Amino acid sequence: MTRPQSIAAAPQSPKQPDQPAGPNDRLPLVFCDLDDFEQGLLPVLRHFMISLAHPERQTWQFAYQIAAQRWGETLGLPVAQALLALVQQTRQARHHRFECLDPLDLEDRSHISRDEQALLQMLHHMRRDETPRARAALANLTGGTMDPNVIRAGLSFAARFSAGNMAAKDRPSRPSLRLVR
């Protein structure tokens, strides 16, 4: 079992204290009430966070590959691009480290860090247009601030990939009979 990796917040603000989470900052993924689409975002999110912390590793390539394999290039690449915009804004808005589990660790695939859960929970509520819950999740994610850039990126993602639209795309269509002349 690996410990969460600390992904430093954006170095633009000198006021950012170092507040890494403890080693027990993991939750079972099944308790997070995320749909299949949101759970599929988790490895993409992890690779983006690691790529931002360690650019030389270029794990952003894995993020795009995973998204393209999971949802196809037509949907997966825009999903990854929109998630990257949200990840960048979130990283800049936070005043402490973002705890991220290792995307390549098999044991960590069934767990989620509290920070990862906060970001995906915010998206979960935004995709369903649950404004009060989305605000609470946003405050949890950003440490109590209502950062307009995070809100904008989250709402943009939610508008493009809402829960209703994704459910319709994921549902297999029923065969239908047609009269052919």
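**Histidine sites, salt bridges and helix packing**

His96 has a relative accessibility of 17%, so His96 counts as buried (under 20% relative accessible area; exposed is over 50% and partly exposed in between, with a 1.4 Å probe and protein chains only). The model is predicted: local features need pLDDT of at least 70 and side-chain atom pairs pLDDT 80 or more, while totals for chains, interfaces and linings use all residues. Residues are numbered from 1 along each chain as its sequence is written, and side-chain values use heavy atoms, without hydrogens and water.

His96 sits in the loop that runs between helix H2 (60–93) and strand E3 (98–100). Helices (H or I, at least four residues) and strands (E, at least two) are DSSP runs, numbered from the N terminus. The His96 side chain has a polar contact with the side chain of Arg94, at 3.0 Å (N or O atoms within 3.5 Å, one able to donate a hydrogen and the other to accept it within protein; sequence-adjacent residues need both atoms in side chains).

His125 is buried because its relative accessible area is 9%. With neighbours within four places in sequence set aside, the contacts of His125 are Glu130, Arg133, Ala134 and Ala137 (heavy atoms within 4.5 Å).

The chain as a whole contains 6 helices and 4 strands. Their order along the sequence is β-β-α-α-β-β-α-α-α-α. The chain has 181 residues, and 45% of them count as buried. Contacts between residues at least 6 apart in sequence were also examined; 70% of these join residues at least 24 apart.

Salt bridges number 7 in the structure (a side-chain nitrogen of Lys or Arg within 4 Å of a carboxyl oxygen of Asp or Glu). One of them pairs Asp35 with Arg128 through their side chains, at 2.7 Å from N to O. Asp35 is in the loop between strand E2 (26–28) and helix H1 (36–53), and Arg128 is in the loop between helix H3 (114–127) and helix H4 (131–142), so this bridge ties together parts 93 residues apart in sequence. Arg128 counts as partly exposed, because its relative accessibility is 28%.

Another salt bridge links the side chains of Glu38 and Arg127, with an N to O distance of 2.8 Å. Glu38 belongs to helix H1 and Arg127 to helix H3, so the pair ties together parts 89 residues apart in sequence. Glu38 and Arg127 are both buried.

Arg46 and Glu116 also form a salt bridge; their closest N and O atoms are 2.9 Å apart. Arg46 is in helix H1 and Glu116 in helix H3, so this pair ties together parts 70 residues apart in sequence. Arg46 and Glu116 are both buried. Through shared partners, salt bridges join Asp35, Glu38, Arg127 and Arg128 into one network.

Helix H3 also packs against H2. The angle between H2 and H3 is about 125°, and their axes lie 12 Å apart (lines fitted to C-alpha atoms over the stretch in contact, with angles from 0 to 180 degrees between N-to-C directions). H2 is therefore oblique to H3 (under 35 degrees is roughly parallel, over 145 roughly antiparallel, 65 to 115 roughly perpendicular and the rest oblique). On the H2 side, Leu83, Leu86 and Thr90 make the contact.
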